[in-house]
Amino acid sequence: MIFAINPSPVALGLIWVGTDDGLIQVTHDGGVTWTDVTPSSIPTWARINDVDPSVFDTNVAYAAVDLHRMDRFAPMALKTKDGGKTWTSIIHGLPADEYVTVIRADPIKRGLLYAGTNRGVYVSFDDGDDWQALRLNFPTTWVRDLVVHD
């Protein structure tokens, strides 16, 4: 079942899809043809909670992978720079016992990312290479979606 669907904000017909059984697929023609770009690191039955396409580069997207239904609470967040051919893990700095439910790229500042987990919000200033808590007075809570504005 499709769990996440995100059209590119800059390329007509480019759509990223994540499923509840661990697949990531992409189309460049508005859904006429689809390509499975799931990296081998994603186990079957993982849930792809989010695939966020970049506003700066049509080859860049970020995926939030939820493994908690498999009793795995470790974070799994991935980035592609080549349209899904290869994926890189971007979890350095995220707590080892929190799973990622959403990743959003800032629409104005390239490389600025936000991640929601089952316990809070995190920020990366270097395109996911390192994360730090974005707490302030934010309570410990499950963050399932984020909207970046202003």
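Me: Let me start from a definition: a residue is buried when its relative accessible area is under 20%, and exposed when that area is over 50%. With that in hand, is Trp-87 buried or exposed?

Reply: Good place to begin, and please keep in mind that this model is predicted. Trp-87 has a relative accessibility of 14%, so it counts as buried. Trp-16 is buried too, with a relative accessible area of 1%.

Me: How many aromatic pairs does a search of the whole structure find?

Reply: The general idea comes first: two aromatic rings are described by how far apart their centres are and by the angle between their planes. Here, searching the whole structure gives three aromatic pairs. One of them is Trp-16 with Trp-87: the ring centres are 6.1 Å apart and the planes meet at 85°, so this pair is edge-to-face.

Me: Which parts of the chain does that pair tie together?

Reply: Trp-16 belongs to strand E2 (residues 15–19), while Trp-87 sits in the loop between strand E7 (77–80) and strand E8 (88–89). The pair therefore ties together parts that are 71 residues apart in sequence.

Me: What is the geometry of the rings of Tyr-99 and Trp-142?

Reply: Their centres are 6.1 Å apart and their planes stand at 80°; planes over 60 degrees apart count as edge-to-face, so this pair is edge-to-face. Distant parts of the chain are linked here, 43 residues apart: Tyr-99 is in the loop between E8 and strand E9 (100–105), and Trp-142 is in the segment after strand E12 (132–133). As for accessibility, Tyr-99 is buried at 5%, whereas Trp-142 is partly exposed at 33%.

Me: On to the sheets. In what order do the strands of the open sheet that contains E11 run?

Reply: In general, the strands of a sheet pair through backbone hydrogen bonds, and they may be parallel or antiparallel. In this open sheet of four strands the order is E9-E10-E11-E12, with antiparallel pairing. E9 and E12 are the edge strands, each pairing on one side only.

Me: How is E11 (residues 121–124) joined to the strands beside it?

Reply: Four bridges join E11 to strand E10 (residues 113–117), and the two run antiparallel. A hairpin of three residues leads from E10 to E11, and Val-121 is the bridge partner of Gly-116. With E12, E11 pairs over two bridges, again in the antiparallel sense; there Val-123 stands opposite Gln-132.

Me: Are the faces of E11 covered or exposed?

Reply: Both are covered. Val-121 and Val-123 on one side are buried, and so are Tyr-122 and Ser-124 on the other.

Note on methods:
Residues numbered from 1 in each chain as written. Predicted model: local features only at pLDDT ≥ 70, side-chain atom pairs only at ≥ 80, totals over all residues. Heavy atoms only, no water. Phe/Tyr/Trp six-rings, centres within 6.5 Å; stacked < 30°, edge-to-face > 60°. Buried < 20%, exposed > 50% of the residue type's maximum accessible area, 1.4 Å probe, protein only. Pairing = 2+ DSSP bridges.
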